[in-house]
Amino acid sequence: RGKIIGALSARLKLTKKPIGIDIKKHKDIDKRIIFKNINVIKYLKDNKKKFDLILIKQVIHFFNLRDIRILLNHSYQNLQPKGMIFILSIDQKNNEIPNFFLMKKKLQQSFKKEALIKQNILSFKGDKIIKKFNFKVSITKKKYISMLKQRYISSLLTLNDNQILKGIEEIKLKYKNSITFKDNLNCIIIKKSDIS
C-alpha cells in the first residue's frame, strides 16, 4: 500500500515520488507514491532507472529461494552506486503484534521460512548490516479491526472471510479499546559495493 515509503517521501521532501510495486491492487494505495500493479521481478528486469533505495518490507517469505536470488540480483543491478536494499521482517523473538489464534499460526509458519531465507540473503554479494528497529504503536481496537479486514499483514492474505471474522471476534474479547504494542522489526541492509 506504500504507507511507509509515502510517509518517508513526505518527511524527507523527496522531489520525485517513490515507486511502489505489488501484484495485488489494494484499494487504499498511498497517494504519495507511484503504484505499479506488476510482478516485481519482471519490473526490475525491464527497468532502466537506478534507485538509491529498494525497500522490501515483510514480503520476502512469499518468494521461493530461487526467486529470492533473482529478486536480489535484479534489485542490486537497479541500484545507484552506493545504493541500498532494505529487507524488513518481523522480529520473531520479540513479536508483539496483536493476533488471534489462526493469525499467530500463520505468523509462526512464515517465521520458519524466514530463518532459511535470512541465511540465503546473508550469502548474497555486497556489504551487509543487520539492524533492529522498534516502533511504539498506539491504535484503537476499532481501527485495528478495520486493518484486519483489509488484511494489512501478509499472513492474513490466505485466510478467507469467515476466518477473518472469527479472528476479529477473538480480538474483541482479547484486547481493550486502546491497543499499545511495539512493532519490532529486523532489517538486513545490503549496500552496493563500489566495485560490482
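A residue is called buried under 20% relative accessible area, exposed over 50%, and partly exposed in between, with a 1.4 Å probe and protein chains only. This is a predicted model, in which local features need pLDDT of at least 70 and side-chain atom pairs count only at pLDDT 80 or more, while totals for chains, interfaces and linings use all residues. Residues are numbered from 1 along each chain as its sequence is written, and side-chain values use heavy atoms, leaving out hydrogens and water.

With 58% relative accessibility, Lys132 is exposed. Its side chain meets that of Asp91 in a salt bridge at 3.3 Å, N to O; such a bridge requires a side-chain nitrogen of Lys or Arg within 4 Å of a carboxyl oxygen of Asp or Glu. Because Lys132 belongs to strand β5 and Asp91 to the loop between β4 and α4 (101-122), the pair ties together parts 41 residues apart in sequence. Helices (H or I, at least four residues) and strands (E, at least two) are DSSP runs, numbered from the N terminus. Asp91 is buried, at 5%.

The count of salt bridges comes to six. Another one of them joins Asp30 and Arg32 at 2.8 Å, N to O; Asp30 is buried at 6%, and Arg32 is partly exposed at 37%.

Four strands form an open sheet with mixed pairing, in the order β3-β4-β6-β5. Its edge strands, β3 (51-57) and β5 (127-140), each pair on one side only, where pairing needs at least two DSSP bridges between two strands. β3 and β4 (residues 79-90) pair in the parallel sense over six bridges.
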